[in-house]
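Hello,

Here is the structure I promised to pass on to you. Please open it first, and then read my notes below.

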Amino acid sequence: MHAHLRPAGPPAKPARPPVRPARRLAGPLALALPALLVACTADEPATRPTPTSTPVPAGVDAARDELAALAAAAQDRHLVASYTLRAPESPDRTILVTSANDGSWRVDVPGGALGGTADVSFAATADGLFQCALPSAARPEPATCVRLGDRDEAVPRRLDPRVQHPFTDWLDVLTDRRAPLAVSPAEPPPGASGTCYSVETTSASINAPLDVGIYCYDADGTPTAVRTASGTLVLAGTPAPAPATVQLAGPVVDAEPLGTAAPDPTAEATTSPSTGTP
């Protein structure tokens, strides 16, 4: 039996390898893309717009926060403390500060009235704000007190020795971040300790919220020193525990309070009785 052979067909065409255009273009694109990015970057503006307001330096802002925290601690610090007051052209005096547990306060100021010849005390209680005249060489009478107004009112300027403010209303200013103040770290005055800050006002108003100067505190809020144009207060000794409330130095009377100005000898001569003529 013979095998039947099929006629051979045309030879098969060799398979063509697949075309991969992406790989062929990868090289040129890889070279062109960085150049394109550089060109786009070159078209961007060289500088960014500047902010409309100048930012506050971090150190200055931190000092303001630190002082506000210490002043807030001082508002909650109740004590009895003595301070040495060194004022220009005056002998050193001892100021006694009492901050009672009920929020009342009293500050005794030797030489705080009548040109430094009379001793006075300022106190704020639930009954109001008072000035008390204390016994002194110029005024040997017993202590008496005059009501100046409500406890939150300000001491009239003509009566104000300005010694009591660092322990009372100026603490409210130091804790108020809206107050126009510039605060920076400072060195303690001679003989003082604590953390100190230089405080200046940034307002042009003649009624500044406090006196510019240096304010110092211990970590627990105890005021350790204050230096202003009127003098320097330095903590003397260790503070004592606070009383439950403050007591006025004497009874309240209906009289004129003592001013800070020295008595006018001309006025005294005018009001003295005349000898008359024979």
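The notes that follow cover the sheet and then the salt bridges.

This is a predicted model, in which local features need pLDDT of at least 70 and side-chain atom pairs count only at pLDDT 80 or more, while totals for chains, interfaces and linings use all residues. Residues are numbered from 1 along each chain as its sequence is written, and side-chain values use heavy atoms, with hydrogens and water left out.

An open, antiparallel sheet is built from 11 strands in the order β6-β5-β4-β3-β2-β1-β11-β10-β9-β8-β7. Strands are DSSP runs of E with at least two residues, helices runs of H or I with at least four, both numbered from the N terminus; two strands pair if DSSP finds at least two bridges between them. At the edges, β6 (144-149) and β7 (181-186) each pair on one side only. Strand β1 (residues 79-86) pairs with β11 (residues 231-241) over 7 bridges.

The whole structure holds 8 salt bridges (a side-chain nitrogen of Lys or Arg within 4 Å of a carboxyl oxygen of Asp or Glu). One of them joins Asp220 and Arg77 at 3.4 Å, N to O. Asp220 sits in the loop between β9 and β10 and Arg77 in the loop between α2 and β1, so this pair ties together parts 143 residues apart in sequence.

Arg162 meets Asp160 at 3.6 Å and Asp211 at 2.9 Å. Asp160 is buried, at 11% relative accessible area, whereas Arg162 is partly exposed at 26% (buried is under 20%, exposed over 50%, partly exposed in between, with a 1.4 Å probe and protein chains only).

Best wishes
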